[in-house]
Amino acid sequence: MSRQFGWLLRVQLLGVLPFGRQKGKGLLRFWALGVLYVGLAAMLLWYCYMLAAGLGMIGLSRLIPLYAITLGSLVTIFFTFLKANGVLFGCRDYELLTALPVPTVLVISSRFVVMYLFNMALSVGVMAAMGIAYAPYADGMATWVFWVLGALLASLIPTTVASLAAALVAAVSSRFRYSNVV
């Protein structure tokens with residue numbers, strides 16, 4: 001069972017990461033979107049860093065961990081809600097994978113883990129940027145242990161909640177005639 005999950009996870013990661021698939025105009029689009037995503041990520045991380053630095057400068061450094069967890073969770077829930085239905089149920093190869101002798105639970109859980117890994121990268125980025133600004137105000141090694149643990153787990157609950165909400169919206173909208181509008 002775990003071997004099948006490992007293979008599915010590997011296939012999902014290779015399917016999501018676009019390396020080696022672009023040729024011609026697709027390569028230009030890949031680089032343009034890559035530059036756009038890197039620019040947006042840099043702006044988000046700069047905003048998080050400056051927010052934490054500003055809180056530290058005005059004497060509210062005790063709120064920086066709370067803001068870091070909250071921003072990491074909000075970014076995670078926003079992006080997960082937008083892409084959960086497409087990632088979990090709407091991909092091209094979903095019908096092919098469910099036809100294989102692999103339980104559907106493994107297919108969905110491998111897709112969920114891939115989505116969690118990307119959301120965890122966003123959450124770790126937000127918390128790392130805020131952690132750099134929080135470093136002068138930290139009170140010892142225990143703070144950093146909890147900070148790293150929080151960075152790894154901050155996206156788990158929002159990813160789960162947003163995935164369940166997106167699945168509920170997909171289930172409700174499938175009952176309507178114009179499901180894409182819903």
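A residue counts as buried when its relative accessible area is under 20%, and as exposed when that area is over 50%, with partly exposed in between. This report applies those terms to a predicted model.

W147 has a relative accessibility of 8%, so it counts as buried. Y134 also counts as buried, because its relative accessibility is 8%. W144 stands at 26% relative accessibility and therefore counts as partly exposed.

How many aromatic pairs are there? The count comes to five aromatic pairs. One of them joins Y134 and W144: the ring centres are 6.3 Å apart and the planes meet at 65°, so this pair is edge-to-face. That pair links distant parts of the chain, since Y134 is in helix 5 and W144 is in helix 6 (residues 141–153), 10 residues apart. Y134 also pairs with W147, with ring centres 5.3 Å apart and planes at 10°, so the pair is stacked. Because Y134 lies in helix 5 and W147 in helix 6, the pair ties together parts that are 13 residues apart in sequence. Y134, W144 and W147 form one aromatic cluster.

The two pairs are set out below.

| Pair | Distance between ring centres | Angle between planes | Type |
|---|---|---|---|
| Y134 and W144 | 6.3 Å | 65° | edge-to-face |
| Y134 and W147 | 5.3 Å | 10° | stacked |

The types follow from the cut-offs: planes under 30 degrees apart count as stacked, and planes over 60 degrees apart count as edge-to-face.

Is S110 buried or exposed? The relative accessible area of S110 is 0%, so S110 is buried. When its neighbours within four places in sequence are left aside, S110 is in contact with F5, L8, L9 and Q12.

**Helix 7**

Helix 7 (residues 156–173) has 18 residues, which should span 26 Å at 1.5 Å a residue. The expected span is 1.5 Å times one less than the number of residues.

Which residues of helix 7 are buried? They are P158, T159, A162, S163, A166, A170 and S173. Seen down the axis of helix 7, these buried residues fall within an arc of 125°, so they line one face of the helix. On the face turned away from this buried side, helix 7 carries the exposed residues I157, L164 and L168.

Definitions and conventions:
Residues numbered from 1 in each chain as written. Predicted model: local features only at pLDDT ≥ 70, side-chain atom pairs only at ≥ 80, totals over all residues. Heavy atoms only, no water. Buried < 20%, exposed > 50% of the residue type's maximum accessible area, 1.4 Å probe, protein only. Contact = heavy atoms within 4.5 Å. Phe/Tyr/Trp six-rings, centres within 6.5 Å; stacked < 30°, edge-to-face > 60°. Helix = DSSP H or I, 4+ residues; strand = E, 2+ residues; numbered from the N terminus. Arc of directions from axis to C-beta.
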